[in-house]
Amino acid sequence: MPPVRGNAFGITALVLGIVAVVFSFIPVMGMVAFVLGPLAVLFGIVGVTRKFSKKGAAVAGLVLGILSIVIAAIWLAVVGAAVSSADQTLNSEHTVEYVVTTKGKAAVNYWSDSGTSTEDIAANWKKAVTVKNSDLLSLVVTGDFANASAAVSCEILFDGKSIAKNTGSGQGAMASCSGSGFGSESK
(Lines give C-alpha, C1' and ligand atoms only; values in the text may rest on other atoms or scores of the structure.)
Protein backbone atom coordinates (compact mmCIF):
# COMPACT_ATOMS: atom_id res chain seq x y z
CA MET A 1 0.00 0.00 0.00
CA PRO A 2 1.48 3.39 -0.98
CA PRO A 3 2.05 5.98 1.74
CA VAL A 4 -0.72 8.50 2.46
CA ARG A 5 0.16 11.90 1.05
CA GLY A 6 -0.97 15.40 1.98
CA ASN A 7 -3.93 16.86 0.16
CA ALA A 8 -3.42 20.41 -1.23
CA PHE A 9 -6.94 20.42 -2.65
CA GLY A 10 -8.31 19.53 0.78
CA ILE A 11 -6.31 22.28 2.51
CA THR A 12 -7.45 24.79 -0.12
CA ALA A 13 -11.07 23.70 0.36
CA LEU A 14 -10.72 24.07 4.14
CA VAL A 15 -9.24 27.58 3.94
CA LEU A 16 -11.82 28.73 1.41
CA GLY A 17 -14.61 27.17 3.49
CA ILE A 18 -13.48 28.91 6.69
CA VAL A 19 -13.23 32.31 4.99
CA ALA A 20 -16.59 31.78 3.24
CA VAL A 21 -18.33 30.90 6.54
CA VAL A 22 -16.90 33.98 8.25
CA PHE A 23 -18.09 36.25 5.43
CA SER A 24 -21.50 34.53 5.23
CA PHE A 25 -22.47 35.89 8.66
CA ILE A 26 -21.96 39.51 7.55
CA PRO A 27 -25.18 40.58 5.75
CA VAL A 28 -23.76 42.60 2.82
CA MET A 29 -20.32 41.01 2.74
CA GLY A 30 -22.05 37.62 2.61
CA MET A 31 -22.00 37.93 -1.16
CA VAL A 32 -18.35 36.86 -0.94
CA ALA A 33 -19.61 33.51 0.38
CA PHE A 34 -21.44 32.96 -2.91
CA VAL A 35 -18.05 32.97 -4.65
CA LEU A 36 -15.83 31.29 -2.06
CA GLY A 37 -18.39 28.71 -0.93
CA PRO A 38 -18.77 27.01 -4.33
CA LEU A 39 -14.97 27.10 -4.76
CA ALA A 40 -14.60 25.36 -1.38
CA VAL A 41 -17.14 22.75 -2.47
CA LEU A 42 -15.34 22.21 -5.77
CA PHE A 43 -11.90 21.85 -4.16
CA GLY A 44 -13.43 19.65 -1.45
CA ILE A 45 -14.91 17.27 -4.01
CA VAL A 46 -11.61 17.06 -5.87
CA GLY A 47 -9.76 16.53 -2.56
CA VAL A 48 -12.12 13.76 -1.43
CA THR A 49 -11.81 11.88 -4.74
CA ARG A 50 -7.97 11.89 -4.76
CA LYS A 51 -6.52 8.44 -4.10
CA PHE A 52 -3.93 7.88 -1.42
CA SER A 53 -4.37 11.28 0.22
CA LYS A 54 -5.76 12.51 3.52
CA LYS A 55 -9.46 13.30 3.26
CA GLY A 56 -10.24 15.16 6.53
CA ALA A 57 -9.46 18.69 5.36
CA ALA A 58 -11.27 18.10 2.07
CA VAL A 59 -14.43 16.89 3.82
CA ALA A 60 -14.31 19.80 6.29
CA GLY A 61 -13.84 22.29 3.42
CA LEU A 62 -16.72 20.70 1.51
CA VAL A 63 -19.04 20.95 4.53
CA LEU A 64 -17.97 24.53 5.33
CA GLY A 65 -18.47 25.57 1.69
CA ILE A 66 -22.03 24.22 1.68
CA LEU A 67 -22.72 25.77 5.09
CA SER A 68 -21.47 29.19 3.96
CA ILE A 69 -23.77 29.15 0.92
CA VAL A 70 -26.78 28.25 3.07
CA ILE A 71 -26.02 30.95 5.68
CA ALA A 72 -25.43 33.62 3.03
CA ALA A 73 -28.68 32.65 1.27
CA ILE A 74 -30.61 32.97 4.54
CA TRP A 75 -29.09 36.42 5.21
CA LEU A 76 -29.86 37.47 1.64
CA ALA A 77 -33.51 36.44 2.09
CA VAL A 78 -33.79 38.23 5.46
CA VAL A 79 -32.23 41.46 4.17
CA GLY A 80 -34.35 41.30 1.01
CA ALA A 81 -37.55 40.87 3.06
CA ALA A 82 -36.58 43.77 5.35
CA VAL A 83 -35.87 46.08 2.41
CA SER A 84 -39.14 45.10 0.74
CA SER A 85 -41.09 45.70 3.94
CA ALA A 86 -39.46 49.10 4.48
CA ASP A 87 -40.17 50.07 0.87
CA GLN A 88 -43.84 49.10 1.22
CA THR A 89 -44.13 51.03 4.49
CA LEU A 90 -42.52 54.18 3.08
CA ASN A 91 -44.46 54.15 -0.18
CA SER A 92 -47.90 53.03 1.01
CA GLU A 93 -50.66 55.51 0.21
CA HIS A 94 -52.78 57.13 2.92
CA THR A 95 -55.56 59.69 3.14
CA VAL A 96 -54.73 62.99 4.81
CA GLU A 97 -57.43 65.45 5.73
CA TYR A 98 -56.57 69.07 6.43
CA VAL A 99 -59.20 70.66 8.70
CA VAL A 100 -59.52 74.39 9.42
CA THR A 101 -62.02 76.23 11.60
CA THR A 102 -62.22 80.01 11.49
CA LYS A 103 -64.30 82.93 12.64
CA GLY A 104 -64.11 85.18 9.63
CA LYS A 105 -61.73 85.37 6.69
CA ALA A 106 -58.48 83.40 6.70
CA ALA A 107 -55.68 82.25 4.40
CA VAL A 108 -54.84 78.55 4.29
CA ASN A 109 -51.46 77.18 3.14
CA TYR A 110 -51.02 73.43 3.05
CA TRP A 111 -48.38 71.18 1.60
CA SER A 112 -46.97 67.70 1.40
CA ASP A 113 -43.97 66.34 -0.49
CA SER A 114 -46.14 66.22 -3.62
CA GLY A 115 -46.86 69.99 -3.70
CA THR A 116 -48.23 73.12 -2.05
CA SER A 117 -51.48 75.07 -2.26
CA THR A 118 -52.90 78.32 -0.92
CA GLU A 119 -56.58 79.20 -0.54
CA ASP A 120 -58.51 82.12 0.89
CA ILE A 121 -61.53 81.04 2.93
CA ALA A 122 -64.38 82.71 4.82
CA ALA A 123 -65.74 79.69 6.73
CA ASN A 124 -64.68 76.30 8.08
CA TRP A 125 -62.72 74.29 5.49
CA LYS A 126 -61.61 70.70 4.80
CA LYS A 127 -59.37 69.21 2.15
CA ALA A 128 -58.57 65.50 1.63
CA VAL A 129 -55.47 64.41 -0.28
CA THR A 130 -53.63 61.14 -0.85
CA VAL A 131 -50.02 61.00 0.31
CA LYS A 132 -47.27 58.47 0.91
CA ASN A 133 -46.39 57.38 4.44
CA SER A 134 -43.03 59.12 4.28
CA ASP A 135 -44.42 62.52 3.19
CA LEU A 136 -44.01 65.48 5.50
CA LEU A 137 -47.21 67.48 5.96
CA SER A 138 -47.86 71.10 6.92
CA LEU A 139 -50.92 73.29 7.36
CA VAL A 140 -50.79 77.00 8.25
CA VAL A 141 -53.89 79.16 8.83
CA THR A 142 -53.66 82.94 9.15
CA GLY A 143 -56.70 84.94 10.28
CA ASP A 144 -57.84 88.34 9.07
CA PHE A 145 -55.57 91.20 10.21
CA ALA A 146 -58.55 93.59 10.29
CA ASN A 147 -60.46 91.43 12.78
CA ALA A 148 -59.30 91.77 16.41
CA SER A 149 -61.50 88.84 17.50
CA ALA A 150 -60.26 86.41 14.84
CA ALA A 151 -59.91 82.78 15.90
CA VAL A 152 -58.44 79.97 13.79
CA SER A 153 -57.53 76.34 14.34
CA CYS A 154 -55.88 73.68 12.24
CA GLU A 155 -55.74 69.91 12.41
CA ILE A 156 -54.14 67.23 10.26
CA LEU A 157 -55.82 63.82 10.20
CA PHE A 158 -53.76 60.88 8.87
CA ASP A 159 -56.08 57.99 7.97
CA GLY A 160 -58.61 59.47 10.40
CA LYS A 161 -56.15 59.87 13.28
CA SER A 162 -55.10 63.32 14.46
CA ILE A 163 -51.35 63.85 14.11
CA ALA A 164 -51.25 67.64 14.68
CA LYS A 165 -53.61 70.25 16.13
CA ASN A 166 -53.19 73.93 16.98
CA THR A 167 -55.20 77.14 17.55
CA GLY A 168 -54.63 80.88 17.45
CA SER A 169 -56.69 83.98 18.23
CA GLY A 170 -56.56 87.76 18.00
CA GLN A 171 -55.73 90.14 15.19
CA GLY A 172 -53.83 88.20 12.49
CA ALA A 173 -54.41 84.94 14.40
CA MET A 174 -52.20 82.11 13.21
CA ALA A 175 -52.19 78.32 13.72
CA SER A 176 -49.60 75.96 12.34
CA CYS A 177 -49.72 72.16 12.18
CA SER A 178 -47.11 69.79 10.80
CA GLY A 179 -46.26 66.11 10.94
CA SER A 180 -45.94 62.88 8.98
CA GLY A 181 -47.49 59.45 8.95
CA PHE A 182 -44.57 57.87 10.81
CA GLY A 183 -45.74 56.67 14.19
CA SER A 184 -49.40 57.50 13.58
CA GLU A 185 -50.28 53.80 13.86
CA SER A 186 -49.27 53.86 17.53
CA LYS A 187 -51.41 56.88 18.45
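Begin by selecting helix H1 (residues 8-24) together with helix H2 (residues 33-49), which pack at an angle of about 155° with their axes 8 Å apart; axes here are lines fitted to C-alpha atoms, for helices over the stretch in contact, and angles run from 0 to 180 degrees between N-to-C directions. Because angles over 145 degrees count as roughly antiparallel, H1 is roughly antiparallel to H2. Helices (H or I, at least four residues) and strands (E, at least two) are DSSP runs numbered from the N terminus. The model is predicted, with local features needing pLDDT of at least 70 and side-chain atom pairs counting only at pLDDT 80 or more, while totals for chains, interfaces and linings use all residues. Residues are numbered from 1 along each chain as its sequence is written, and side-chain values use heavy atoms, with hydrogens and water left out.

Next, show the side chains where the helices meet, with contact meaning heavy atoms within 4.5 Å: from H1 these include Phe9, Leu16 and Val19, and from H2 they include Leu36, Phe43 and Val46. By class, this contact of H1 with H2 has eleven nonpolar, seven polar and no charged residues, where Gly counts as polar and Ala, Val, Leu and Phe are among the nonpolar residues.

Now move to the open sheet, whose four strands run in the order S3-S2-S5-S8 with antiparallel pairing; two strands pair if DSSP finds at least two bridges between them. Strands S3 (115-121) and S8 (174-180) are the edges, each pairing on one side only.

Finally, select strand S5 (residues 136-143), which pairs with S8 in the antiparallel sense over seven bridges, and centre on leucine 139, which stands opposite cysteine 177 in S8.

Technical notes. Angles under 35 degrees count as roughly parallel, over 145 as roughly antiparallel, 65 to 115 as roughly perpendicular and the rest as oblique.
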